[in-house]
Amino acid sequence: MGAQPSVNDAETAEIAATITKIICDSLQISPATLAATQNLRQLEKVDSINLVRVMARIEDHFDIELEDDLVFEVTTLDELVVAVRQLSRRTAP
Amino acid sequence: MSSGAGERGGAAPVAPDASNHHYDLPPRIFELFLDESLKYSVGLFERPDDTLEAAQLRKLDFIARELRAGPGTRVLDVGCGWGSLVGFLARRGCRVTGITPSPRQAEHIERRSREALEPRGAAGGAGDITVLRGAFEDQVLPEGSFDAISFVGSIVHLPDKAAALARAHRLLAHHGRLYLSETCFRSEKRYAQFSTSAEFGFIRDEIFGWGDCVPVSRYVAHLETAGFSLAGMVDLTANYRRTIEEWRRRAERNRTAIDEICPGYTDRLLRYFDICNASWGFTTKQYALIAVRER
């Protein structure tokens, strides 16, 4: 079962797909193993710096700055999608 | 006080022997990824096309200026590595003492210093170089006998940072200057969270032997307690990211040669570089602090 964002609209789905790709590319895992509500910190191959690296790539890609609390405490893909969605709305032209 | 590998914790390992095993590897390994002066610390980049060599030379000049080091200045470089700063300052006419616990580094500097100081040519160098082997704590040095002291990425390896800076204050003459640059966790919170992580454990234990990247606020407090006046602080984090990108590129290019000297070492270096460069700005910072003994 692949990642399913809980908020369902086209933009959110696109953000979720992009973040899923960044996570899977960075951690070299299959999207099929990544569920929206899964604890990212418990994924195989995840260590704390890997996750920081993922956050840096997400920030670069979306040109946003995530809150420290999210960078260091995030647990699920869903949380990330919601945060990125909010931030990219705020910074949209 | 955090629960991380604490600088005042009763179980802190004794640094000198432990931190030797990386620095005491054959210098040839370091020639295969550092710049030609073997400066194993952050460079100072100004232009997009700066080479690592140019950035390291600019950085040496920056340190010299912060230390107000010129002909005759008595400088102590604590943890002098392969002597890039020692050689640079001696060529400017300083009387430089370097301290290293690594016999290989000491031999390297002594060999190079003969080449660097003779002939005493265009750079006008009339300085001299003394290399002291062993731990800073164990050296017998007269109080007030230096005009400038540097800790360039070395105090991280000293278990008692407060005592080291208190001693530096006593060793400086009136108006003597101190330059300290170091990798620091970004805050007490990040220090507590990451200093015990597997990734930093790898760098600390498997690359260096021992080190403790305390937040910069602790150095500021130690300097104040020692009696220093703070004269400046510079954020060098972005420069270190670029410096490590350069080291990484060179290590990859020279993989075969590095692995011939120490099998499998390139991959360990690359892992160490990747952890550092993923961490800068998020969990770690690189700061330089400049302090003066005014009283």
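The following questions and answers explain some terms used for this predicted model.

In this predicted model, local features need pLDDT of at least 70 and side-chain atom pairs count only at pLDDT 80 or more, while totals for chains, interfaces and linings use all residues. Residues are numbered from 1 along each chain as its sequence is written, chains are lettered from A, and side-chain values use heavy atoms, without hydrogens and water.

Q: Why are H2(A) and H13(B) called oblique to each other?
A: The axes of helix H2 (residues 48–62) of chain A and helix H13 (residues 265–279) of chain B cross at roughly 50 degrees and come within 9 Å. Angles under 35 degrees count as roughly parallel, over 145 as roughly antiparallel, 65 to 115 as roughly perpendicular and the rest as oblique. The two helices are therefore oblique.

Q: Which residues make the contact of H2(A) with H13(B)?
A: Contact means heavy atoms within 4.5 Å. H2(A) contributes A:Ile49, A:Val52 and A:Arg53, and H13(B) contributes B:Asp274, B:Ile275, B:Ala278 and B:Ser279.

Q: What makes the pair B:Lys285 and B:Asp235 a salt bridge?
A: A salt bridge is a side-chain nitrogen of Lys or Arg within 4 Å of a carboxyl oxygen of Asp or Glu. For B:Lys285 and B:Asp235 the N to O distance is 2.8 Å, and the pair therefore meets the definition. B:Lys285 lies in strand E7 (residues 284–292) of chain B and B:Asp235 in strand E6 (residues 229–235) of chain B, so the pair ties together parts that are 50 residues apart in sequence.

Q: Why is B:Lys285 called buried?
A: Buried means under 20% relative accessible area, exposed over 50% and partly exposed in between, with a 1.4 Å probe and protein chains only. B:Lys285 has 13%, so it is buried.

Q: Where do B:Glu252 and B:Arg248 lie?
A: Both belong to helix H11 (residues 237–253) of chain B, four residues apart, about one turn of the helix.

Q: Why does the salt bridge of B:Asp267 with B:Arg255 tie together separate parts of the sequence?
A: The closest N and O atoms of B:Asp267 and B:Arg255 are 3.0 Å apart. B:Asp267 lies in helix H13 of chain B and B:Arg255 in helix H12 (residues 255–261) of chain B, so the pair links parts that are 12 residues apart in sequence.

Terms used: Axes fitted to C-alpha atoms, helices over the stretch in contact; angles between N-to-C directions.
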